[in-house]
Amino acid sequence: MTEMLQQLTLSEQLGGTMLAEHQAQLMQLSISGGRGGPGGHGHPQGIGGAGGTGLGPTVNFIAQQLHLSTLASEEAAQQSKIRAAQFGIHCPPPSRIFQGRQDILEKMHDFFDSNPGTQKIYVLHGLGGAGKTQIALKFIKESSSHFSDMFFIDTSTIATIDTGLKNIAIMKGSGDSRQEGLIWLTGQVQAWILVFDNADDPSINLQKFIPECDHGNIIITSRNPGLCVHAGADSLVSDMEEQDAVFLLLKSAAQMVTAGTEKIATEIVKVRYPNYGHSI
C-alpha cells in the first residue's frame, strides 16, 4: 500500500479549546500499509501451507508542535473580573424616600458647575446617620448626565480604598493595582466623579488617594470636619428641617399629603424627634 501523507492545520476548536491562529502548528498524518504475514510452513508432500495473517495498516500521527490555549475560558474569566470590579465601585441610587436637603444640593450644583478645568472636591461632614451618603447619591443622580464616569469607594479602611482604586484599573483595562487606578484617573481629562464614602478614620491620610491632577470631581463624606482642608467647598449635614421630616414621614408611610395627615405627622415628629433629628 502506497504511503499517504496528509497535512492538517488547526484553525478552529479542538476538543472544546480555542486555538489562536498563530498557535495552530503543522501536523502530519501518515498511513502506511501493513506488512504481509509470514510464509506458510512446508508439508512433507511438497505443498506449502497457508500464509500467515498480515498485519494491519500503520497509522503515524506526528504533531510537530501543538500549543493548546484556553483563550475562550481566559476571556470569560477576564469579563467576569471586570463585571465584579464594576459592581465593587458601582454608584448606587439614593433612597426612594429621599426628602429635603435642597439647600445643600443647590450649593453642590453651583460648586461643581463653576470653574471648569479645575479639580473640584466637596466634603459632606456631620454625625453618623445624618444622611451624608444619601445627599451625595442624590446629587450624582441629578447630575449623572454631566459626568463621564461615576465611582463609589468605601473609604472606611485603607484596604477598601485600595480595592476601590484597583477596581477602577481593572474596569478600565489599565492594570490591576491601586496605583494604576490612580494613574487612569490622573490621565483621563474628563468629568469623572469619585465618591470617597465614610472617610471617618483620622489616621488615614486621604491625600495619598486623591488623584494629583487639575481635573475630575470628588465628594468626600465623613464624620471628620478636618477633611475640609482638602475641599473647595463643604457642608455640615445635621438635623432635617421640621417640614422635611414631616414629608419624609408621610412618604415612608405611603400617606397622601393632606391637612389632616400633615398635622398628625407634625405631632409625631415633635414628640419622637424634638430636635428634628430624623436622618435620611
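Student: Which conventions apply to the model, and at what pLDDT do side-chain atom pairs count?
Tutor: Residues are numbered from 1 along each chain as its sequence is written, and side-chain values use heavy atoms, with hydrogens and water left out. Because the model is predicted, local features need pLDDT of at least 70, while totals for chains, interfaces and linings use all residues, and side-chain atom pairs count only at pLDDT 80 or more.

Student: What percentage of the residues in the protein chain is buried?
Tutor: The protein chain holds seven helices and eight strands, where helices (H or I, at least four residues) and strands (E, at least two) are DSSP runs numbered from the N terminus. Buried means under 20% relative accessible area, exposed over 50% and partly exposed in between, with a 1.4 Å probe and protein chains only. Of the 280 residues in the protein chain, the buried share is 34%.

Student: Within what arc do the buried residues of H5 fall, seen down the axis?
Tutor: In helix H5 (residues 178-187), the buried residues are Gly 181, Leu 182, Trp 184 and Leu 185. Seen down the axis of H5, these residues line one face of the helix, because they fall within an arc (taken over the directions from the helix axis to the C-beta atoms) of 155 degrees.

Student: Which residues are exposed on the other side of H5?
Tutor: The buried residues of H5 are covered by elements including strand S5 (150-154), helix H4 (158-171) and strand S6 (193-197), with contact meaning heavy atoms within 4.5 Å. On the other side of H5, the exposed residues are Ile 183 and Gly 187.

Student: How is the crossing of H2 and H3 classed by its angle?
Tutor: The axes of helix H2 (residues 102-113) and helix H3 (residues 132-143) come within 10 Å and cross at roughly 55 degrees; axes are lines fitted to C-alpha atoms, for helices over the stretch in contact, and angles run from 0 to 180 degrees between N-to-C directions. Angles under 35 degrees count as roughly parallel, over 145 as roughly antiparallel, 65 to 115 as roughly perpendicular and the rest as oblique. The angle therefore makes H2, relative to H3, oblique.

Student: Which residues of H1 and H4 make the contact between these helices?
Tutor: Helix H1 (residues 71-88) packs on H4 at an angle of about 135 degrees, with the axes 8 Å apart, which makes H1 oblique to H4. The contact is made on the H1 side by Lys 81, Ile 82, Ala 85, Gln 86 and Gly 88, and on the H4 side by Asn 167, Ile 170 and Met 171.

Student: What is the relative accessible area of Asn 115?
Tutor: Asn 115 has its place in the loop between H2 and strand S4 (120-125), and its phi is near 45 degrees, a positive value in a residue other than glycine. Asn 115 is exposed, and its relative accessible area is 54%.

Student: Which residues does His 146 touch, not counting those up to four places away in sequence?
Tutor: His 146 is found in the loop between H3 and S5, and at 48% relative accessibility it counts as partly exposed. The C-alpha atoms of His 146 and Phe 112 are separated by 9.8 Å, although the two residues are 34 residues apart along the chain. Leaving out residues up to four places away in sequence, His 146 touches Asp 113 and Ala 191.
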